[in-house]
Amino acid sequence: MLFTESTLVFIALNGVFAFSFYAVLVAGQLSLAQAGFAGIAGFTAATLTPPPAQWGPIPTLLFAMVVGMLVGAVTAVILGLPTMKLRGVYLAIATLGFAEAIRIFLLNSEWTGGAQGMSVPKTLTPVVAWVVLALVTYWFARQSRSRYGRALEAIREDELAARSIGINVGGHRLSAFVAAGVLAGLYGVMWAYYVRLVAPEDFGFSTAIDGLVTAVVGGTANFFGPILGSGFQTMLPEIQRTIGIEAGWIRPFISGLLLLLVILYLPGGIASLIPRRRQKVDIASLQTDAAGLSLRAHPTAGEVVAELKDLAKEYGGVHAVRGVNLTVRSGEVVGLIGPNGAGKTTLVNMISGLIPPSSGSATVLGVPIGRTPVHRIAAAGVTRTFQHSKLFNRLTALENVLIGAHVVAKPTFLRRLIWLPSARRDEHTALTHAARCLDRVGLLDKANTLAKGLSYGDQRRLEIARALAADPSLLILDEPAAGMNHVEADGLSELIRSLAADGLTIIFIEHNVGMVLDTCDHIIVLNFGEVLADGTPADIAADERVIEAYLGAADDGETDAHEADVAAAATPTKAAEENDD
Amino acid sequence: MRKALRTAVILSASALLLAGCSAAQDGGGTATGSLKGTGSGDACTIEGTVPLGAALSLTGAAASYGESQQNGLNLALKDLNAKDGVKYDLKIEDDGTDPKQAIGVFEKFVRDGTSAVIGPTLSNTAFQAQPIAQDGGMPVLAISNTAEGITEQGDFIFRDSLTEGQVIPQTIEAATEKFGLKKVVVMYSNDDAFTESGYKVMAESLEDQGVDVVDTLKFSVKDTDFRSLLTAAKESKPDAIVVSALIEAAIPLVTQARELGIDAPIIGGNGFNNPQLMKDAGAAAEGVIVGAAWNSASESPENIAFMKAYEDEYGSGPDQFAAQAYTGLLVLDHAVRVNCSGERTDVQEGLTQVKDLKTPLGSLTINKDRDAEHSAVVQIVQDGKFAVLN
Amino acid sequence: MLQQLLNGLFLGSIYALFAIGLTLVFGILDRLNLAHPSVFAASAFVGIWMTEAFDLPLWLVLIAVFAFGAIMGLLIERIAFRPLRERPDAHFAGLISSIAMAGMIVALLQAVFGPNTRRFPVGTIPEDALQFGDLTASWLQIIILAVSLGLMIALSILVQRSSLGRSMRAVAENPTAARVLGVNVEGVTATTFAISTALGAVAGVLFALNVNSAQLGMGSAIELKGLAVIIVGGMGSLSGSLVGGLILGIAEVFAIQYIGSSWRDLIAFALLFVILLVRPEGLFGKRKVREV
């Protein structure tokens, strides 16, 4: 028989451990310190918990698990804070190092018993283990369709875009770390109370890697990926034994081979074999029901929305923006034009909080830029699109826009855990709101298409829909018409005017001068980082200096504007580099 | 393609689940024929084949020790099955130096009706896995676990490997006397339970002998370059260096010590008891004192026969792991024959009756604490061979 | 004290040589190849076998394992990394696939060579040492230092001066642009892997010579420290790996001397954390933000 007691228990334990990796992998963080959290949690719980005889097995186990989870959480915070800025492989190595450091600490401490470990009474039963696994699975199942779960996915797909939508990336990352710590701590305690001896060698590098492998093999596409992965990994040696594969080198070889095959041919892990249920909306049921959204109070028409005083940015001697003074009022459609390299995107990056100014100041919707993190500025009512689409590619159009509504939607995760109907209502409201935003840009029929599957023009419009979902007071568009033909550009122009008619203030950067002259009330021309001209379309078209610098002679106007449609290079990545949290 | 893959996975998963659940009906594989026989000792005859099991680390970090043990067991099996009366079937399983697998292996042996189990290789794994045998009423004979508390886990747990406490104190005493030791440096790998427990006993014994430990240097069981540690040790000008390490570390440590010009005697524990020491460390090994459970230089007929048979079969000399494994099977055989029964409780009883059994380890008795007793040895390397220290 | 400094230098040069392969692949291709330690171990076994079976002199063995390592690198790239190139989760996936390959390689090593430690035949290793007053430096250690430094310098020259190096740097900056400009990106990728594992292979043999032993677990024993070195030195910086390795070697040795040997292994991670907090790009790394 394949399923002995220990197989059942280990599938559950490895599942919990894999979930501790899942918790951070869904947010795109390659944090691998879980073995360390498990070790210190296991030892601490074993030390602090009285023997089962005192309270009985279940209360003892509960106490130990609570201790373990707390220790795991605290340790995760200790790790999470200094590693805030690390990403990708850096984060992986730093966290592995941290886990190893914990192991060495445990090895050299007196209270743990060193290499010989600490003896712990066997109290865990398969039933308890599986109940715990079920609870953990439930937690993550409810998380996927909540505002919090979507925010984590957004961070995984494109961190910068997530920030500019108003998601507090740092805070969310830390919470994912803590979740990982809690789960790893839980695993450590359950391990200790099952195998009777807890020793530092059980929490080393190979354990850390095994956990990661289990999580990835299972897959992060679905919330029960970790269970599938755990089943696979735990059963593999047993299956080999039962089939009759000889004990020795061939078993690890086969395990490695299977792992390789899974990674190569099942990209999303085993869980990807089960199609993910996407959030869909019934198009027919659109109502004007905004009750569940915390919509903001918009400034009245004519009120000052953004005020820039001598705003400047330089990069080591290169003055991208020099002393710009500008006032933007509510309800205006402001066009920002100028030759390539004039500093338009840099200016806009400063206004939206992506990069700090070198000098000068600006207030946007009452918030001073520079020291304020991007997500706070977004929360104040500023959203934007990017020169190169930063969509959440592996999510559908609807999901993209749903995430865009982050700051106006109500948090639903905790209420979803207890199945409160109000959570379902709020989710539904958010969905409807997202659908309406899609409809606004004419993409409703493509709501369930993956973002990466949309045409270029549709992707640009999706970005606008996503930006709209946050109910912004100020919308910034960076070259929205790039790559569009005349028909599409006209459609966009109409959209922008209709948004302005609804009270939105819009700033947009464009090279299509004709479109700008037609759409805007107020045009600013930048040249070499300075404001060359600032006025109505009529003023600008007639301005000598502007014609000289940018528009060219009257009969060349069309050709130049067309040539100038080529998207500028370089500046967005620089902006990303300067990004601060 | 995806659909085909999905179908394949679901089909195989279901097939395995069904196979797994239904195998329970067939019951675990058991011996054919009765396990209770007639006669006793050499005259005992049992009809059925007595199923024995071994849980060893054949892969993973402890693989080299597991292999030695496997060799010793297979050799003993051959010899035992050549005798009349009782036939054994030995199933050797790999625990991959992983407690999860060890626990699974023990569960399987209990379920399959195995009469007795040998192993596992590592002490920590033993603490985690042998309670399963205890709960299942299946005797366990440990052949390489030297930690304290192994046999205290239950009355089905026995061992033929001497504890550190039975080996090291006499080694330290002999060395102190021979060299007039006043101050020493102690070195040990602190991330391995075996060497760490050895160290603890060494430290105690040194204190008992009134020897001053001027420095204690720790390293990792995976280390192979000891030059910086040895340089630090050299500065203390010790009368001897006392080392608790496994053979993988012992060989480079000894070689590098001599390379760095350290002439002080080196004293090691069970981990050093391996002919590889002389083979690979060459001249550097001369004069190294090794306190061990198995005296490879013993001239007892059992030991001579064992060493020759091992050399003939495997082309190299046995180490202590192999000797203790070989002896383990002899001990089990004795326990089976004494009550002439392969039933678990009879084997358990039989194990308590092991007195002055002639084995390659010497004249072995299992005492009332279910631990082994036989004389340990203090060896010194002389002319490329282990000789007994006088 | 000076002797310890020497010990640290020699120890560090091995860490550096191990790390430099890892950092090369990471710097050029943005991939962490966790099968590198297994090639390190495999080459030690192969080197010993070659010495035994064919009675080759040491310098020939080093060249032979260089080639062996290169072949392994090509295999690893082809099997574990190339199929994953286009995937959005290429970072994670590559990590796992290389882990899988490492497991397979070590299992095969056990199949061919058994689980026991192998050693060089007697007489292979030069036994003499140089004496400068109180200091001892064995010829072997000097050879190791010289070979490590030599290879690292050769690699630097390759990357900075040759056309292959130019292509490598182009691919490192922007693979798509490089392809458009006519660089054979697949070829450069394969070559980079080959060079990196070839260096790792030489490091493996040198390491085995240093302690006269090859063990199945020798790669994983050094793996984590190697990773710490590449971060401390700066990911993708060759000189960083050298300096990082030497610093680690010396720091560990001094830790043994003055703090206590039990905390020695912690040094690598303490250094790692300090660098990550103070200067995340590493000592010689360039500021490059790569988002997951």
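**Note on a predicted two-chain model**

1. Two residues are in contact if their C-beta atoms, placed from the backbone, lie within 7 Å.

2. Conventions. Residues are numbered from 1 along each chain as its sequence is written, while chains are lettered from A and ligands numbered from 1 in the order in which they are written. Local features need pLDDT of at least 70, side-chain atom pairs count only at pLDDT 80 or more, and totals for chains, interfaces and linings use all residues.

3. Chain B has 12 helices and 15 strands (DSSP runs numbered from the N terminus: helices are H or I, at least four residues; strands are E, at least two). Its radius of gyration is 23 Å, close to the 21 Å of the globule rule for 390 residues, so chain B is as compact as a globular protein of that length. The radius is taken over C-alpha atoms, and the rule is 2.2 Å times the number of residues to the power 0.38. The C-alpha trace of chain B spans about 70 × 65 × 40 Å along its principal axes.

4. Burial. Of the 390 residues in chain B, 59% are buried. A buried residue has 20 or more other C-beta atoms within 10 Å of its own; C-beta atoms are placed from the backbone.

5. The largest nonpolar core. This core holds 431 residues, and Val16(A) and Met190(A) touch the most other members. Such a core is a set of buried Ala, Val, Leu, Ile, Met, Phe, Trp, Tyr and Cys residues joined through C-beta atoms within 7 Å. Helix α9 (residues 169-195) of chain A gives the largest share, 18 residues. Beyond its neighbours within four places in sequence, Val16(A) has contacts that include Val132(A), Leu183(A) and Met190(A).

6. Domains of chain A. The assignment, automatic or from a database, gives domain 1 (5-203), domain 2 (278-296 + 381-478) and domain 3 (300-372 + 511-581). The C-alpha centres of domains 1 and 2 of chain A are 33 Å apart. Their contact takes 19 residues from domain 1 and 22 residues from domain 2. On the domain 1 side, α7(A) gives the most, with eight residues.

7. Between the chains. The contact takes 32 residues from chain B and 30 residues from chain A. On the chain B side, α3(B) gives the most, with eight residues.

Note on methods: Buried ≥ 20, exposed ≤ 12 C-beta atoms within 10 Å, placed from the backbone.
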